[in-house]
Protein chains: 2
Amino acid sequence: MITSTSNAQIKELIRLQRKGRARDEAGVFIVEGPRMAAEIPPERIVKFYVSESYMKKQHSSTGHSFHGEVLADAVFAHVSDTKTPQGVLAVVKRKEYTLDDILGNAEGSSIHGGQKPLDGYENPRNPHILVLDNLQDPGNLGTIFRTAEAAGATGVLLSRDCVDIYNPKVIRSTMGAVFRLPFLYTDDLPGTIEELKAAGIQVYAAHLEGENAYDEEDYRSGCAFLVGNEGNGLRNEVTACADHLIRIPMQGKAESLNAAVAASVLMFEVGRQRRNK
Amino acid sequence: MITSTSNAQIKELIRLQRKGRARDEAGVFIVEGPRMAAEIPPERIVKFYVSESYMKKQHSSTGHSFHGEVLADAVFAHVSDTKTPQGVLAVVKRKEYTLDDILGNAEGSSIHGGQKPLDGYENPRNPHILVLDNLQDPGNLGTIFRTAEAAGATGVLLSRDCVDIYNPKVIRSTMGAVFRLPFLYTDDLPGTIEELKAAGIQVYAAHLEGENAYDEEDYRSGCAFLVGNEGNGLRNEVTACADHLIRIPMQGKAESLNAAVAASVLMFEVGRQRRNK
């Protein structure tokens, strides 16, 4: 059992929790809590850590149980990113995706792997992509991943300056979708959007000045949605890449929607149209 | 200028920030930041406070400017609920709503007050109600209010054990919708749902075991949606009140949606149907 916070492994864990660059260099990220840990693809687990009290308790508990290097509770609390640590922490290897994965083309991509498509979905690999421009809120990014998987998106494309998907708060709020939904950061968002268009994808920008309401377009063939920063919306050079500007009609005095809500409404409209074609 | 945190007004402000019961007894709540402050209906303002540096700065700034009792910056930081205080804080009188307001019937309700209904909306006062059962996350409740206003909901009904709408974090994330969207807490949620049904409202429960997909129902006449707790969903006795169980089809391995996302998808489906009737 590790009982000191000056242990070398503990110091490294803390670096990985706090510094995106340390995570990038090591090619890993950290996952906390038994629910999230149960979703990790086994081949990607680098190492498990459990707290002393978790180890003692789990013999009596039901459901999943995890074994790993044991940390004294105070040491576990020190490395945990949460206020009420749940006693399970894993270092997980990243998976690198390609644009083909985002398009739903690659054999290796696993969002529908092993699962039957939901009733009514005839072609679940029909490209359905969310493109995020400078999204900053960790909770929003996590919620977008969770929703995108549920809505049947094939992948998420992110500008390099979006919040880090491997930020512990993002990982938590994906509820496991981060292990299954292909995603790709790009240094040149407009350039990558052009690649999508060259692959036959229609590109829609959610924009307050959109001409058609979002439900007046046809998303049954390959489509991508551009969603912008929480405060500032899409950058002009990104909006300029869109084939169509669409708007989500709003009543009352509401000026905008939360970015995750806007993305959700669009992605479920795709699902609705593809089910009811 | 108030320079001491032991000033009686400061002590009272801190009580109002931290204790729901103190807010209930005083019949007020606290609003922070210039953006939110600009949305407060003037007749409901009890008192404004500004920080010393905000007062000095606002002569040179553009946009809204607020005047009030001045607090030394350290005192302002002490009463603020945020990590980076914006220098404006208001005590605001509550507004009590009735079930008639929620139904969109009362003259006094103001969600569409003074505004033209959006193009295509023929009857914006057609009841469209969100019913929340034991919702606990402040960010979710705020986002639901913000989205409900935008989606054209007429009101929100909440079980007494939902998170306090006057919690500072909830207030912030409503983005001002809390000043405009009628809402009502009830001690007897099933009883109040029966009142909705007696008023001719069709009641739909979002439920994993729903029979029809959410987009297979007709929401063009008065409707209400039951949305449950983040972890546990709807209580059985609340689900039992519904006329119909509906499901939001999900792909991949997603087991559920964030409560605010589920509510958003349902509310915008109402808007879509009512526009395209």
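## A tour of the chain A and chain B interface

Let's start between the chains: chain A and chain B share two salt bridges (a side-chain nitrogen of Lys or Arg within 4 Å of a carboxyl oxygen of Asp or Glu). Before you select anything, note that this is a predicted model, in which local features need pLDDT of at least 70 and side-chain atom pairs count only at pLDDT 80 or more, while totals for chains, interfaces and linings use all residues. Residues are numbered from 1 along each chain as its sequence is written, chains are lettered from A and ligands numbered from 1 in the order in which they are written, and side-chain values use heavy atoms, with hydrogens and water left out.

**Stop 1: the interface**

Select A:Arg275 and B:Asp215, whose side chains form a salt bridge at 2.8 Å, N to O. Across the interface of chain A and chain B, 12 residue pairs are in polar contact, both residues at pLDDT 80 or more. A polar contact is a pair of N or O atoms within 3.5 Å; within protein, one must be able to donate a hydrogen and the other to accept it, and residues adjacent in sequence count only if both atoms are side-chain atoms.

Helices here are DSSP runs of H or I with at least four residues, strands are runs of E with at least two, and both are numbered from the N terminus.

**Stop 2: A:Asp215**

Go to the loop between β9 (212-213) and β10 (223-227) of chain A, where A:Asp215 lies. A:Asp215 counts as buried because its relative accessibility is 11%; buried means under 20% relative accessible area, exposed over 50%, partly exposed in between (1.4 Å probe, protein chains only). Show B:Arg275 as well: its side chain and that of A:Asp215 are joined by a polar contact of 2.8 Å. Leaving aside neighbours within four places in sequence, A:Asp215 is in contact with A:Glu269, A:Gln273, B:Arg272, B:Arg275 and B:Asn276.

**Stop 3: A:Ala213**

Step back to strand β9 of chain A for A:Ala213, which is buried at 3% relative accessibility. Beyond its neighbours within four places in sequence, A:Ala213 is in contact with A:Arg247 and A:Pro249.

**Stop 4: helix α1 of chain A**

Finish by selecting residues 8-18 of chain A, helix α1, where A:Ile10, A:Leu13, A:Ile14, A:Leu16 and A:Gln17 are buried. These residues cover an arc of only 160° around the axis, which puts them on the same side of α1(A); the arc is that of the directions from the helix axis to the C-beta atoms. Turn to the other side of α1(A) to see A:Ala8, A:Lys11 and A:Arg18, which are exposed. At the N-terminal end of α1(A), A:Asn7 is the cap, with a side-chain oxygen 2.7 Å from the backbone nitrogen of A:Gln9.

Terms used:
Contact means heavy atoms within 4.5 Å.
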